[in-house]
Structures are given as structure tokens and as C-alpha cells.
Amino acid sequence: KTGVIGTLHGKNEIKSGQKVKSIGLRADMDALGMEEDTGLEYKSKHPGRFHGCGHDGHTTMLLGAARYLAATRDFAGTVHFIFQPAEEMFGGGRKMVRDEKIFERFPCDTVYGIHNWPLLPEGVISARAGPIMASNDEFLLRIIGQGGHAAMPHLTVDPIYVASQAVIALQGLVSRSTDPVDSAVVSLTKFHAGTNALNVIPFGAELGGTIRTFQPATRDRLKTQLKACVEGVVASMGATAEVEIIEGYPATINHVDETELAANVASEIVGPINVVRDAPPTMGAEDFSYMLQEKPGCYIWLGSGRTGNDPMVHDPKYDFNDNISPIGASWFVRMVETSLA
């Protein structure tokens, strides 16, 4: 729950009449609530806590940049080092932006972040303008019918049958209601009904899932349509529905000018051939999105070079590639020295 922000002022002179510029650099620093199974000598010593997404690596990159910049201060303006808690599940970015109002307390003209990316070769940097990660909203459905004996289904309103029709209908929200060139995913991931008494038709069923989109308008439409679709299908079959939609992270949308700067700086660090400007976005979600809603900026991916059957992030055997830490730290440093020249 605790974030840390460090502020550093450059030593270079601000030209007369020039606005004092500022930049924010963000690293998430939380772990996942899962057991580590790497067997490494430096594995987590805390049961149920594991840096299985590389946030400890992101923190190392930003600390390295802060240490170097504190020693050199070769820039004109102010840099805020934002160490953010609770990216996984709990929306630390939202709390820092909306509740703690960090951009009022620590003004930033622009803000930048980084995430290790096993799907890119080691040292390759992706900087893409526009949506790069999806929004993620959850929904819970409670279908209430009328239970009874399995031998007499005509005297019941079978919630399993009703809920199954709703599941089928929901598939049309993407396949028949969303522009084919837009991207959206509606996934049903939970379906609970009945007990061990196999001769009983239950009175209710509980379902759940997620909605993922890139465009805010598509996100709003799907949330509205999902509720109307479920309620309509269920009512037509004599049952009732309770629909709860839990708002999650918005889409992560990079700004054009800041992405161009981020890519150009990345080219200085790893060479133009190792900078990808058109990598496909992912339907995963990221709460750096809240910062990009408030300030222009860019979120880059830094390739960590997963090969073959190497574990992905969120796998119990995942191990962060320490070789990329100097690259990330160098990119942070050059973003400051370039933006605040």
C-alpha cells in the first residue's frame, strides 16, 4: 500500500524565460500472491509472495537511474522517481493518481514507464503509439430460477439451462456487435451451479468473467450491452438475473509525440535495429494507464528474451533476466537528459 516518490533537481541552468520542465519515471515494485518454485538460492523467503512478473527488476532499473542521475545531475529541470505499489490486482496507479493526487503534489509534464517483456528478444525495445494494453473489467452474474426434482424439469425454471443460453448469447457481443477491425474479448471464466445431489435441479447459478477492450467507447458499449443481453435472455425464459460489473484498469494508451521520443532514445541505447515501433498490443492490462490518462507519456516493453519452454511471467518458475537491467536504467537516464536538456 505504500509508494515512494523521490525528487531530484538538475544542476544545469534554466535559460531566462524558459519554463522549468519536469518528468516522471515510474516503476512498479509489488510482488504476486503466489509461491515461487525456481529453486534459486535467491528465491523469495516469504511464503505466498513472489516477484513473478519482474517488478523487482523494474525497481532495480529505476534505482540505478536515480543513483546515476543523482551523481551527475546533467539536466535542467526536475525528475520525480515514482515507485508504485500494488499494480497487481489492487490498482496502486489509480490510488496514486486519483486519491493521492501525485501530479498535483509532484508536477510532471510527461511520465514514462517500462516493463520487461519475455516475448521480445533480449535487449529489444518496443515503443508503440496508441493502445498497447487493454482495459480489464470483471462481471458477476447471478441467475435465479426455480429448483426442483431432476425427474420433473417442467415444474422448474432450470438456471443451468437458462445460464447456458446467456453464455451463448454473450459470444455475439464481440462476433456480431463489435467492428471486426476493433479488438475486444469477453471471456466467461466461472460457472457454478448445483451440488453433489445429482437428482436436484438447483435454484440458481453464478457466473463470472472479464471484458477487455482497447477503445474507451467499445468498453462502455460492451458493459451496457452485456447487462442488457443477460437480463433480456434470462427474463425471456422466466428467470431473473443480477448483473454486477466491476470496473478495472482502463486501456494503456501511449501518446504519439512522447512515444516518438521514447523510441528515439531507445535507438541511442540499443541501436535502431533493436527498436520495434509496431509490435502488436496485448489484451493484458496495466495500471500505468491511469498515469497516461493524466499526463502525456509512453510505456515501453523491454525484451527479456524468453526462448523455448522458458517460464512466462506469472509462472511459479519465472526468473527475471538481470542482463536487461542496465538497458532499462540507461533508457531512464537518457529520457531525463533528453527531455530536460
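This is a predicted model: local features need pLDDT of at least 70, side-chain atom pairs count only at pLDDT 80 or more; totals for chains, interfaces and linings use all residues.
Figure 1. What would a bond take? A disulfide is a covalent bond between the sulfur atoms of two cysteines, and here a pair would count at a sulfur separation within 2.5 Å. Are these cysteines buried or exposed? Cys108 counts as buried because its relative accessibility is 3%, and Cys298 counts as buried at 0%.

**Figure 2. The whole protein, for orientation.** Before going further in, here is the overall picture. The protein has nine helices and 15 strands, and its C-alpha trace spans about 85 × 50 × 40 Å along the principal axes. Of the 341 residues, 45% are buried. Among contacts with a separation of 6 or more, 83% link residues 24 or more positions apart. The protein exposes about 16700 Å², and carbon and sulfur atoms supply 54% of that area. On the charge side, there are 30 positive and 40 negative side chains, and the centres of the two sets lie 4 Å apart.

**Figure 3. A seven-stranded open sheet.** Which strands make up this sheet, and in what order? Reading across, the order is β1-β3-β2-β4-β15-β5-β14, the sheet is open, and the pairing is mixed. β1 (4-9) and β14 (275-276) stand at the edges; each has a single partner strand, so one side of each is left without a neighbour in the sheet. As background, strands of a sheet pair through backbone hydrogen bonds, either parallel or antiparallel.

**Figure 4. Strand β4, wrapped up on both faces.** Why call strand β4 (residues 110-117) largely enclosed by the rest of the structure? Eight of its eight residues are buried, so the rest of the structure largely encloses β4. In a regular strand the side chains alternate between the two faces of the sheet. Here Thr110, Tyr112, Ile114 and Asn116 point one way from β4, while Val111, Gly113, His115 and Trp117 point the other way, and all are buried. Strand β2 (residues 22-28) pairs with β4 in the parallel sense over four bridges, and Arg26 stands opposite Gly113 in β4. Strand β15 (residues 297-303) also pairs with β4 in the parallel sense, this time over seven bridges. Ile114 has Ile300 in β15 as its bridge partner.

**Figure 5. Ser126 and the β5 end of the sheet.** Zoom in on Ser126, which lies in strand β5 (residues 125-126). How many bridges join β5 to β14? Two do, and the strands run parallel; Ile125 stands opposite Val275 in β14. Ser126 is buried, with a relative accessible area of 3%. Leaving out residues up to four places away in sequence, Ser126 touches Leu120, Val276, Ala279, Ile300 and Trp301. One of those contacts, Ile300, is the β15 residue that partners Ile114.

**Figure 6. Ala266, tucked under a helix label.** Ala266 lies in helix α7 (residues 256-270). Its relative accessible area is 0%, so Ala266 is buried. Which residues does Ala266 touch once those up to four places away in sequence are set aside? They are Ile125, Gly271, Val275 and Trp331. Two of these bring us back to the sheet: Ile125 stands opposite Val275 in β14, and Ala266 touches both residues. Ala266 and Leu302 are 36 residues apart in sequence, with their C-alpha atoms 9.8 Å apart in space.

**Figure 7. Strand β11 with two antiparallel partners.** Strand β11 (residues 204-213) is mostly covered, with eight of its 10 residues buried. Strand β7 (residues 135-144) runs antiparallel to β11, and 10 bridges join them. Strand β9 (residues 184-193) is antiparallel to β11 as well, with nine bridges. Where do the two pairings come together? Look at Thr213 in β11: Ser135 stands opposite Thr213, and Thr213 is also the bridge partner of Ala184.

Terms used. Residues are numbered from 1 along each chain as its sequence is written. Side-chain values use heavy atoms; hydrogens and water are left out. Buried means under 20% relative accessible area, exposed over 50%, partly exposed in between (1.4 Å probe, protein chains only). Contact means heavy atoms within 4.5 Å. Accessible areas come from the Shrake-Rupley method with a 1.4 Å probe; for residues, only the protein chains shown count as cover. Lys and Arg count as positive and Asp and Glu as negative; His and the chain ends are not counted. The place of a charge is taken as NZ of Lys, CZ of Arg, CG of Asp or CD of Glu. Two strands pair if DSSP finds at least two bridges between them.
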